Amino acid sequence: MLENPLRERNFKMSLILMKKIFESLPKNQYWSIHLLEYKHLKGGSKYTCRLIELEPDGRLNKLIQDISELYTGEKGKKRLSRYNDVRNYDGTCSGTTIYKIPFEESDVVVDLDALFEGITNSDVECNPFEIKPQAYILCGRLLIDGKEHQIKLISMNSPITILKNKFMNKKGKFKEIKEKILNLRTSINAVIYDKDIYMLDMSVEPLFNMERSYKNKCNKAVERIEHLDIVSDIDTFKSIATTGHNPRSFAAFSEGKMNLLGNVKSRAVVCQRFGIPLTQDRKFDTTKKENADKLVKVLCNKAMWDIIEENSVEVDGLKTWQR
């Protein structure tokens, strides 16, 4: 949720920034390309990379040119133009939104250090066809607004594949291609600008282990709610909040709203407008699952009051109204 006009302006600037990045890609002639394999373990995430080279000379720069054209050129119908806003990652899945995970001022935990370490220690000797990469990553530097920035482009399409029903010409006959090949698609799913992550779609969630992040946030929020003692049945609330689709909703959990609900008057307003009953001791009655689910929506910016029709409504996500 965007909380002030300055922050709203910053997100408008983020859309402009994305355009500048994709337009500037061909200006850098020094890119590296890495196959990327990842595993998420109890002790943390592990990223294994294999540095590769393309032939003939200049072929990698041609790939970069194609990516730039796809997102900003007429040939690619300016794919970047499909996005109309940037917002902090909140668990929603809008196809017209770029979701940002800022390096600073974010309670969404992503282990970027592990990813950067994997890139730095990228292997140059192992057989690339013996690993199982789930993505590939392009690394370079760009001059944006007079300052140099590290840029990483991530494509989540598996780069190693076996073609089916594909043949090549050999002495007048067509021989089936059975060998593994390297397939580098031009679709980009995430951009890392220095240490800020911009997710162009949800396919990068597994790479950054977002499920673990929002589940951790959910568990911490439930602990705080239990400490505030604002629900009558914490066990039922905990069961509803931490299962199904609800943990994902906690990516947009509002601690400010939770603190306000520590006030009896605020709870009375929520009771009246969203139909979550209060007990005699003025706690939310969460003995019924539907009440617990409604409270999750209120706390996670999924419940709003329509001031025109004076009616409660469920929404996907929020941002500040532009006057």
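A nonpolar core is here a set of buried Ala, Val, Leu, Ile, Met, Phe, Trp, Tyr and Cys residues joined through side-chain atoms within 4.5 Å, where buried means under 20% relative accessible area, exposed over 50% and partly exposed in between (1.4 Å probe, protein chains only). The model shown is predicted, with local features needing pLDDT of at least 70 and side-chain atom pairs counting only at pLDDT 80 or more, while totals for chains, interfaces and linings use all residues. Residues are numbered from 1 along each chain as its sequence is written, and side-chain values use heavy atoms, with hydrogens and water left out.

**View 1. The largest nonpolar core, which has 33 residues.** Within this core, the residues that touch the most other members are Ile21, Phe22, Leu25, Ile67, Leu138 and Val191. At least two core residues come from each of α1 (5–24), β1 (32–41), α2 (59–72), β5 (135–144), β6 (147–155) and β11 (190–193), helices (H or I, at least four residues) and strands (E, at least two) being DSSP runs numbered from the N terminus. Helix α2 gives the largest share, six residues. In soluble globular proteins, nonpolar side chains tend to be buried together.

**View 2. The surroundings of Ile67.** Leaving aside residues up to four places away in sequence, Ile67 touches Phe22, Leu25, Tyr136, Leu138, Thr186 and Ile188, a contact being heavy atoms within 4.5 Å.

**View 3. The salt bridge between Lys20 and Asp145.** The structure holds 11 salt bridges, each defined as a side-chain nitrogen of Lys or Arg within 4 Å of a carboxyl oxygen of Asp or Glu. In this one, the side chains of Lys20 and Asp145 meet at 2.7 Å, N to O. Because Lys20 lies in helix α1 and Asp145 in the loop between β5 and β6, the pair ties together parts that are 125 residues apart in sequence. Lys20 is partly exposed, at 27% relative accessible area, whereas Asp145 counts as exposed, at 63%.

**View 4. The network of salt bridges that links Asp85, Arg87 and Asp90.**
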